[in-house]
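Let's take a walk through a protein model together. Have a look at the sequence and the 3D view, and then we'll start with a question.

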Amino acid sequence: MTTSRDEVERVFRAEHGRILASLVRALGDLDRAEDALADAWAAAIERWPRDGIPERPGAWITTAARRRAVDRIRRERRERPSPAEPRGEEEIAMIERRLDGEVEDDRLRLIFTCCHPSLALEARVALTLRMLGGLRTPEIARAFLVPEATLAQRLVRAKAKVREAGIPFEVPAGALLAERLPGVLTVLYLVFNEGYAATAGEALVRRELCDEAIRLARIVADLLPGEDEAKGLLALMLLTDARREARVDEDGVPVRLEDQDRGRWDRARIAEGLRILDGLVRRPGPFALQAIVAAVHARAERWGETDWPTVVAAYEALIERHASPVVRLNHAAAIAERDGPAAALPLVDALVAEGDLAEYPYLHAARADLLRRVGREEDALVAYDRALARVGNDAERRFLERRRGRSV
């Protein structure tokens with residue numbers, strides 16, 4: 001039986017994070033773990049298309065990676081003997097015992113390592129996708145539209161920081177977990193958000209990033225069952241991503257939520273997201289509050305049936321927790337639907353005057369829409385031009401150009 005390269009790649013994505021995490025725990029080094037796993041996958045790519053995928057592919061790869069890790073370490077000792085490391089065989093024996101020990105799910109440890117606050121935010125995102133998602137350097141660079149060499153250096157520096165700073169390979173406990181978890185969830189949310197509404201490039205949606213963010217969020221939620229905010233993030237992603245197929249038209253141009261064909265929404269994802277959200281027991285955190293907004297839209301069969309008072313209340317609760325300009329902009333948009341555009345326009349004008357979102361195209365686009373709705377057409381055109389001057393995504397540019405054309 002032969003196996004296609006695509007099938008091998010699917011197994012790679014499914015098993016990569018779990019196997020790499022176990023290797024990191026045993027070897028104590030990200031680079032060594034990656035090298036061993038790369039050797040094992042190279043063997044799989046050579047043998048599986050000929051012999052077929054093993055019954056337990058994860059176990060096959062794990063065993064192959066462990067053998068190659070030990071072989072590499074022995075070869076390094078032979079090629080570069082050091083008087084400072086006279087106990088090389090003892091170290092190898094200890095590593096072998098760790099590798100032969102009980103297999104644990106170490107992915108949560110690896111996620112907290114990759115998302116450590118001492119790393120720059122862009123490094124946390126790249127390292128998480130590389131280590132947990134198994135995305136290769138060119139894939140990550142392409143997803144975030146940065147040169148491959150830049151992304152490669154970012155990863156090198158991040159791994160060096162983990163090693164030199166002694167960042168622990170562990171899940172923090174107690175108060176430290178509560179302190180660190182929001183940062184981990186934020187990294188996953190950034191990955192999802194870049195996939196759901198790409199900041200640059202031709203396409204609005206990058207499906208592979210959305211799927212990877214949901215997969216990683218599911219891991220965190222499953223491995224931290226007592227953390228409602230982790231579940232809230234997963235629910236938010238599922239409920240938002242459920243609208244994926246209806247978000248663009250046949251030309252790839254965004255379709256506003258009010259104009260989307262709700263029959264194309266993914267009802268299975270909506271059902272799962274609602275089930276997760278309904279099972280939360282604690283006071284909702286920021287991600288859960290955003291999931292509540294997404295749930296309101298998911299439950300409404302038509303735009304006119306949207307429960308705007310609940311949406312406004314959710315955003316007001318978010319403002320109490322974190323009054324970011326973007327949250328306030330979303331709150332203003334909900335006010336416009338509940339109370340009319342004239343009630344929301346002063347809120348948006350205040351954000352423009354403050355200047356924190358001066359380069360945020362969606363602020364100017366929202367203001368343009370409100371100005372148009374209250375009959376100030378000339379001011380709306382100016383606001384649309386400001387939005388167009390700042391948008392980086394080609395699909396959204398075409399959307400704004402269409403909206404502007406309707407105001408002429």
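Does C114 count as buried or exposed? C114 is buried, at 0% relative accessibility; buried means under 20% relative accessible area, exposed over 50% and partly exposed in between, using a 1.4 Å probe and protein chains only. Keep in mind that this is a predicted model, where local features need pLDDT of at least 70, side-chain atom pairs count only at pLDDT 80 or more, and totals for chains, interfaces and linings use all residues. Residues are numbered from 1 along each chain as its sequence is written, and side-chain values use heavy atoms, leaving out hydrogens and water.

So what about disulfides? The count is zero, a disulfide being a pair of cysteine sulfur atoms within 2.5 Å. For C114, the closest cysteine sulfur is in C115, and at 6.4 Å that's too far for a bond. C210 is buried too, also at 0%.

Now for the nonpolar cores (buried Ala, Val, Leu, Ile, Met, Phe, Trp, Tyr and Cys residues joined through side-chain atoms within 4.5 Å). The largest has 86 residues, and W41, L110 and V220 have the most contacts inside it. Apart from it lies another core of 34 residues, including V293 and L318.

Follow V220 for a moment: beyond its neighbours within four places in sequence, its contacts (heavy atoms within 4.5 Å) include L108, L181 and A230.

Finally, find E212, which is buried at 7%. Not counting residues up to four places away in sequence, E212 touches L129, L132, G133 and L135.
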